[in-house]
Amino acid sequence: MKKQPIIIATVFVAGLLFFSQTASAANLKDRQRQQKQRIQHGIASGQITPREAKKLYRDQRQVRQLRRHFLADGNLSRRERNTLKERLDRSSNRIYRYKHNHRRVRPTRYDNSVLRHFAWR
């Protein structure tokens, strides 16, 4: 009689742990997508120079590669998740700095060809 609530609680906790890790990986991917949009907006508005864009996209590529490497075994450990969050935080800070450093490029110089060059791969 007492075994049934214990089994139900165990299954419930296991389900929560599984979905929390899946949600965490999805949240990291969403953050990367948002950062990509911030970079593209900065390029389109002229707030981010081509050299800065190259550095920012290199950061994004490194985070993607690291995420793939961490997910190779099928899950993200707490340490791996924290490492990715720290890298994304640094990248986010760099995007902010580059968008607000008062270096400007005339937006007419950049059209969709520049955005295509830095496509999300």
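In this predicted model, the side chains of R33 and D30 form a salt bridge in which N and O lie 2.8 Å apart. Both residues belong to helix α1, which spans residues 3-45, and because they are three residues apart there, about one helical turn separates them. R33 is partly exposed, its relative accessible area being 41%, and D30 likewise counts as partly exposed, at 35% relative accessibility.

| Arg | Asp | N to O distance |
|---|---|---|
| R33 | D30 | 2.8 Å |
| R31 | D89 | 2.7 Å |
| R94 | D59 | 3.0 Å |

The side chain of R31 meets that of D89 in a salt bridge, with 2.7 Å from N to O. Since R31 lies in helix α1 and D89 in helix α3 (residues 78-99), this pair ties together parts that are 58 residues apart in sequence. R31 is partly exposed at 25% relative accessibility, and D89 is also partly exposed, with a value of 38%.

The remaining salt bridge joins R94 to D59, whose closest N and O atoms are 3.0 Å apart. This pair links distant parts of the chain, with R94 in helix α3 and D59 in helix α2 (residues 50-70), 35 residues apart. R94 counts as partly exposed at 21% relative accessibility, whereas D59 has a relative accessible area of 14% and is therefore buried, given that the buried class is defined as under 20%.

Key
Residues are numbered from 1 along each chain as its sequence is written. This is a predicted model: local features need pLDDT of at least 70, side-chain atom pairs count only at pLDDT 80 or more; totals for chains, interfaces and linings use all residues. Side-chain values use heavy atoms; hydrogens and water are left out. A salt bridge is a side-chain nitrogen of Lys or Arg within 4 Å of a carboxyl oxygen of Asp or Glu. Helices (H or I, at least four residues) and strands (E, at least two) are DSSP runs, numbered from the N terminus. Buried means under 20% relative accessible area, exposed over 50%, partly exposed in between (1.4 Å probe, protein chains only).
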